[in-house]
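Subject: Handover of a structure and findings

Dear colleague,

Please find below the structure that I am handing over to you. The findings follow it, arranged by topic.

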Amino acid sequence: MTWSEMQPLLSQACWDTLYMVGWSTLIAVVGGLPLGILLVLTDRGGLLQNLSANKVIGQVVNIARSMPFIILMVALMNFTRTITGTTIGREAAIVPLAIGAIPFFARLVETAVREVDGGLVEAVQSMGGNTWTVVRRVLVPESLPSLISSATTTVVALIGYSAMAGTVGAGGLGDIAIRYGYQRFETGLMWITVAILAVVISVIQFAGDHAARRLHRRGGHSGAAPRLRLLKAGTPTTAEAATADVGKAV
């Protein structure tokens with residue numbers, strides 16, 4: 001197979017892979033972020049302590065995470081057909097990709113949020129901040145560098161999942177590698193596909209690490225700086241102004 005024949009195939013496959021991974025990542029973040037925070041809030045000593053709910057949510061997340069992705073795709077075929085009207089193609093692949101990524105990202109979020117300094121939470125609570133204020137002004141902002149890294153890890157995992165989805169007709173680079181590289185013995189095309197995947201993953205990992213480092217230098221996990229950001233008002237040294245600032249947020 002010549003390069004002129006490979007190029008349109010690879011271009012479409014790259015777009016299909018990015019399309020599947022992009023939408024799956026968005027759904028995973030929207031679903032996994034609150035789920036991970038909820039695991040922290042409902043745990044022992046959490047702001048919404050509810051051990052029964054925490055155990056149920058934790059077990060659901062563990063079961064979903066433990067299921068191999070190829071089995072998950074097969075198990076969700078009827079559900080995928082109900083949502084998309086088909087079980088083949090990139091739109092159909094988004095359903096199992098997103099469902100598989102939500103619990104994966106949720107556990108990473110849980111780990112990131114647990115690293116937040118408890119003193120910041122107590123400071124906001126002491127000034128009348130409710131649970132939503134603590135989540136919005138402390139837990140999410142202070143764990144943001146780790147959350148960016150977690151999202152990067154999820155994207156990289158989804159690229160691998162999307163390659164597996166290609167084996168059952170989802171399209172993308174995995175489909176090209178199987179149909180042409182393996183079944184038609186186009187070894188050169190298969191190695192080009194592997195190289196493209198390696199480059200894409202490297203670029204995404206570099207971008208995610210760079211963003212996480214920049215956020216970390218701006219104040220994430222820096223101790224005193226977050227406290228000052230939370231407490232500052234019109235006059236940073238005035239306790240009444242600090243209380244008023246948090247009160248408005250509540």
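Does arginine 179 count as buried, exposed or partly exposed? At 31% relative accessibility, arginine 179 counts as partly exposed; here buried means under 20% relative accessible area, exposed means over 50%, and partly exposed lies in between, with a 1.4 Å probe and protein chains only.

The model is predicted, and local features need pLDDT of at least 70, side-chain atom pairs count only at pLDDT 80 or more, and totals for chains, interfaces and linings use all residues. Residues are numbered from 1 along each chain as its sequence is written, and side-chain values use heavy atoms, with hydrogens and water left out.

Overall architecture

The protein has 12 helices and 0 strands, where helices (H or I, at least four residues) and strands (E, at least two) are DSSP runs numbered from the N terminus. Of its 250 residues, 37% count as buried. Among the contacts with a separation of 6 or more, 71% are accounted for by residues 24 or more positions apart; a contact means heavy atoms within 4.5 Å.

Helix H9 and arginine 179

Arginine 179 lies in helix H9, which covers residues 173–182. The C-alpha atom of arginine 179 is separated by 9.1 Å from that of glycine 166, and the two are 13 residues apart along the chain. Helix H9 itself is mostly covered, with 7 of its 10 residues buried. These buried residues are Leu173, Gly174, Asp175, Ile176, Ala177, Tyr180 and Gly181. They pack against H1, helix H8 (144–165) and helix H10 (187–217).

Helix H1 and aspartate 16

Aspartate 16 lies in helix H1. This residue is buried, with a relative accessible area of 11%. Leaving aside residues up to four places away in sequence, aspartate 16 touches Arg90 and Gly172.

Asparagine 50 lies in the loop between H1 and H2, and at 36% relative accessibility it counts as partly exposed. Asparagine 50 and leucine 39 are 11 residues apart in sequence, and their C-alpha atoms are 9.6 Å apart in space.

Helix H2 comprises the 16 residues 51–66. At 1.5 Å a residue it should span 22 Å, and its end C-alpha atoms are 22 Å apart, which agrees; the expected span is 1.5 Å times one less than the number of residues. The buried residues in H2 are Asn54, Ile57, Gly58 and Val61. Seen down the axis of H2, the buried residues fall within an arc of 100 degrees, so they line one face of the helix; the arc is that of the directions from the helix axis to the C-beta atoms. As background, an α-helix has 3.6 residues a turn, so residues three or four places apart point the same way. The face of H2 turned away from its buried side carries the exposed residues Ser52, Lys55, Val56, Val60, Ile63 and Ser66. What covers the buried residues of H2 includes helix H1 (3–41) and helix H5 (90–114).

The largest pocket

The search for pockets and cavities used a 1 Å grid over the protein atoms alone: a cavity is a set of points where a 1.4 Å probe fits but cannot get out, a pocket is an open set with protein on both sides within 12 Å along at least five of seven lines, and lining residues have an atom within 4 Å of a point. Grid points are joined across faces, edges and corners, and a volume is the space filled by probe spheres set on the points.

The largest pocket has a volume of about 280 Å³. It is lined by 16 residues, of which Val40, Gly45, Gly46, Val121 and Leu139 lie nearest its centre. The elements that give two or more residues to this lining are H1, H5, helix H6 (118–126) and helix H7 (131–142). The largest share, 4 residues, comes from H6. By type, the lining of the largest pocket divides into 8 nonpolar, 4 polar and 4 charged residues; Ala, Val, Leu, Ile, Met, Phe, Trp, Tyr, Cys and Pro count as nonpolar, Asp, Glu, Lys and Arg as charged, and the others, Gly among them, as polar.

The cavity

A search of the whole structure finds 1 cavity of 30 Å³ or more. The largest cavity has a volume of about 110 Å³. Its lining includes Met73, Met77, Thr80, Ala92 and Val168. Helix H4 (77–84) and H5 are the elements that give two or more residues to this lining, and H5 gives the most, with 3 residues. The lining of the largest cavity divides into 8 nonpolar, 4 polar and no charged residues.

With kind regards
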